[in-house]
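Try each task before you read its solution.

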Amino acid sequence: MNRKTAIITGATKGIGRAIALKFLQEGYNIGICSRNQEELDQFRAAATTEFPQQRVIALQADLQLPAGAEAFGNSMLRAFEHIDVLVNNAGVFLPGTVLEETFSQLEQQINTNLYSAYILSQMIGKKMAEQTSGHIINICSLASLQAYAGGSSYSISKYAMLGMSDNFRAALKPYKVKVTAVCPGPTMSASWEGSGVPEEKLMPAEDIATMVFSCAETGFNTCVERLVINPLADL
Ligand SMILES: NC(=O)c1ccc[n+]([C@@H]2O[C@H](COP(=O)([O-])OP(=O)(O)OC[C@H]3O[C@@H](n4cnc5c(N)ncnc54)[C@H](OP(=O)(O)O)[C@@H]3O)[C@@H](O)[C@H]2O)c1
């Protein structure tokens, strides 16, 4: 069987994990990464038990470092002959406002949330251009569209990711490669644990995964460019 392939960064927890599981459930081979080897091993063991016919490549990579993103991208290019979907999901949130946060907070979030996605989009996007098919899906944020009180540098990194998505879309469109920016509001994940916000006010990560998969499955002439997803409840 000719299976499709999806690469998802930061897939051991939260939204990335839900997206990786959704693509597995839909029959894809997947390539994933995170920094924690033990969690990657646990994910791969559970996934290969449940989906024994599918390839699950789980590699340790620190995407905060350009060399880490490049090494992961090269491994994915070696592992898979054809890549259908790249989901740039890995990200960090460090609280702070522009008046008090340190420069290194901005640097860390730009490195992880923006530069890694840029490096991987360029590497995998070139392959998709050769294939004249493929889809890059960037997990941006509501903070890509509006200032985020208490998360200024995070918001700056996510605005930049949205602009990056538009630029990759324009560059890849002639090659029939799609680029989607997904902008979720508050979604249940490890980053909300201990925040005091009740879980029922947050969106389940599985709903974001369902929407991401729907974007990836549209017909050849349809591109969801931006998708904003919000909880009904006010926090
Ligand atoms: N949750 C929300 O409310 C929300 C809303 C809008 C957008 N988002 C965005 O959605 C994405 C996922 O968020 P989440 O809340 O699901 O996060 P999460 O639960 O903290 O999970 C983040 C994932 O990324 C990995 N990761 C973090 N830093 C990494 C690095 N330097 N290198 C490689 N992997 C790394 C983590 O594994 P390790 O820590 O083991 O590396 C983990 O697998 C992020 O881009 C976030 O900005 C989240």
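**Exercise 1.** Which of the 31 residues around the ligand come nearest?

Solution. The model is predicted; local features need pLDDT of at least 70, side-chain atom pairs count only at pLDDT 80 or more, and totals for chains, interfaces and linings use all residues. Residues are numbered from 1 along each chain as its sequence is written.

Step 1. Gly 10, Gly 14, Arg 35, Gly 91 and Ser 189 come nearest.

Step 2. Look for the elements; helices (H or I, at least four residues) and strands (E, at least two) are DSSP runs, numbered from the N terminus. Helix 1 (14–25), strand 2 (29–34) and helix 4 (103–131) each supply at least two shell residues. Helix 1 gives the largest share, three residues.

**Exercise 2.** At what angle do helix 4 and helix 5 pack?

Solution. Step 1. Axes are lines fitted to C-alpha atoms over the stretch in contact, and angles run from 0 to 180 degrees between N-to-C directions. The angle between helix 4 and helix 5 (residues 152–172) is about 15 degrees, and their axes lie 9 Å apart.

Step 1. Helix 4 is therefore roughly parallel to helix 5 (angles under 35 degrees count as such).

**Exercise 3.** Where is Thr 132 found, and is Thr 132 buried or exposed?

Solution. Step 1. Thr 132 is in the loop between helix 4 and strand 5 (135–139).

Step 1. Thr 132 has 10 other C-beta atoms within 10 Å. A residue with 12 or fewer, placed from the backbone, is exposed, so Thr 132 is exposed.

Conventions
Near = placed C-beta within 6 Å. Parallel < 35°, antiparallel > 145°, perpendicular 65-115°, else oblique. Buried ≥ 20, exposed ≤ 12 C-beta atoms within 10 Å, placed from the backbone.
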